[in-house]
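Visitor: I have a structure to look at and some labels to sort out. Can you walk me through them?

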Amino acid sequence: MGDHQIAFFLRESAAPEPERRAAALKGLGRRGGAAHVPVLTGAAADPEPSVRAAAARALGRLGIPEAGREVLPRLMGDADAGVRRRACVAATRLGLQGPTVVGAFARLLSDPDHHVRILALEGLSVLRVPGDAVALVACLGDRDPAVWGRAVSLLYGCADDRDVRAELVRTARQGRGAARARVLERLPRQCTEQLVDALLDALRDPSPQVRRQAARRLSDVRHRQVQDTLAAALRTERDPEVAATLLSGLGDQADEWLVDVAVGWLRDPVAGPPAARVLGALDPGPAATHLRTALADETVPARTRAACATAIGAGGRWDAVWLLLPLLDDPDDDLRAGVLDGLDHLAEKGLRPWERHPVAWALSAHLESDARHTWRTRNALRYLAQALPAVRRLADTAASGEVRAAALSLLDGDDATDEHLRSDVRRFLRGLDDPHETVRYEAVLGLRRWADAHGSWPPGAGPAARERLTALTADSSPRLRDAATGLLAALDSGAAPSGQA
């Protein structure tokens, strides 16, 4: 049956209709062998593109590299895009190598057909060579993510190639559009110093992508001239993403003149948050007034109001607590996150005596009511001893495992002068059996704090505690296994367990 099929394919390969010839060549690719290579290579000169494409495909399927070594590179330069695609696939499938093949792939990096460009990049990636450094770097400017994404991967693999490095630097200095922006985004940080002049010039580039990447790189350069140039660029910038990058870079070096510029961007959903952070970094005065006004204005984007809340907390002015507390229950998640971060800043710096209890009460209630920001709330509570009674209640009774875990994490377990220490240790021991992994994990960490402080098993930890910890060393959670194993090692290096669990 196979011989009859082959004979049929051979007859059909000379048929007058191109579709019959193409089908026959496909059949020879599946069923044929080395003896039929001349038929396939001869068909590579067929006047019909569909037949040439079928010949390229058949050579790839035949699996004989020598058969396609001369023909396929020629077909990769065919006038028809379909033929070029099939030839690329076949050359890669056969593992063809050498200067001729590499050159053919390299020429296709600038092919008008994006499928061909993708196949050329894939072929060069298999060969682990850049092909043509200039054409390869130019692919970074391609509109198709499938093209420039593959170009990024290939460039990463060819980072040690001298021509590639030279072309990347040249593009960073003199390139255009997306290619220049993507080079600036990916060049190693240590290249920034040698490119400062080019980056300063890039701040005036017509492409917002280029300006944004130049601003991002220059934000780490602390020369006064560079910072002045960034400030001047911000005055005239109209693109929100570029302005956001410039504002972020100038945030910790803000001057008073930035107030008006930053205020101008507050209502922008992209540049508004960094503008708020800039205002927060300035000395109190007009900047603080603008932050309070924006925080109270519900027409300002929520992410910007959130940044204002955080900045107000970081500033620590006399009215900060009373501005933030009423917003703890706002329906917007972003705004609540910013308020919590602001309260965290205030608590870390030290609240005034008359502020501590109201903040502790509000945050304790919030810990249980705001599942979206449990751990943010926990972070703001860690400075407030006034919250501990409510925290202990939550550790015992909260319905949410995350809340119980957050509450346990706030209990020290290492302060011998704390009258509640023994009850806290019992909470940790009970937590070892909690169905919620995060609670078990925080219970182990609480006991570890005791072990590190006292070098012994905690009071009331009987043999059952060892059994529980030993069981946790086989838990499905890697972090819990590691924590339990480390705790047992720390405890065993001190005293053996005594008393009753």
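Guide: Here are some labels used for this predicted model, each with its reasoning.

Visitor: Why is α18 called roughly antiparallel to α19?

Guide: The axes of α18 (residues 258–265) and α19 (residues 272–281) cross at roughly 150 degrees. Angles over 145 degrees count as roughly antiparallel. Therefore α18 is roughly antiparallel to α19.

Visitor: Which residues of α18 and α19 make the contact?

Guide: From α18 come Leu 258, Val 259, Ala 262, Val 263 and Trp 265. From α19 come Gly 272, Ala 275, Val 278 and Leu 279. By class, that contact has eight nonpolar, one polar and no charged residues.

Visitor: What makes α19 roughly parallel to α21?

Guide: α19 and α21 (residues 302–315) pack at about 15 degrees, with axes 8 Å apart. Angles under 35 degrees count as roughly parallel. So α19 is roughly parallel to α21. Their crossing is right-handed, while α18 passes α19 in a left-handed one.

Visitor: How many aromatic pairs does a search of the whole structure find?

Guide: One. Phe 8 and Phe 9 form that pair, 6.0 Å centre to centre.

Visitor: Why is the pair of Phe 8 and Phe 9 called tilted?

Guide: Their planes are 55 degrees apart. Under 30 would be stacked and over 60 edge-to-face, so the rest count as tilted. The pair of Phe 8 and Phe 9 is therefore tilted.

Visitor: How do you know whether Phe 9 is buried or exposed?

Guide: Phe 9 has a relative accessible area of 11%. Buried means under 20%, so Phe 9 is buried. Phe 8, at 41%, counts as partly exposed, because that class lies between 20% and 50%.

Key: Residues numbered from 1 in each chain as written. Predicted model: local features only at pLDDT ≥ 70, side-chain atom pairs only at ≥ 80, totals over all residues. Heavy atoms only, no water. Axes fitted to C-alpha atoms, helices over the stretch in contact; angles between N-to-C directions. Helix = DSSP H or I, 4+ residues; strand = E, 2+ residues; numbered from the N terminus. Parallel < 35°, antiparallel > 145°, perpendicular 65-115°, else oblique. Left-handed = near helix turned anticlockwise from the far one by under 90°. Contact = heavy atoms within 4.5 Å. Nonpolar A, V, L, I, M, F, W, Y, C, P; charged D, E, K, R; others polar. Phe/Tyr/Trp six-rings, centres within 6.5 Å; stacked < 30°, edge-to-face > 60°. Buried < 20%, exposed > 50% of the residue type's maximum accessible area, 1.4 Å probe, protein only.
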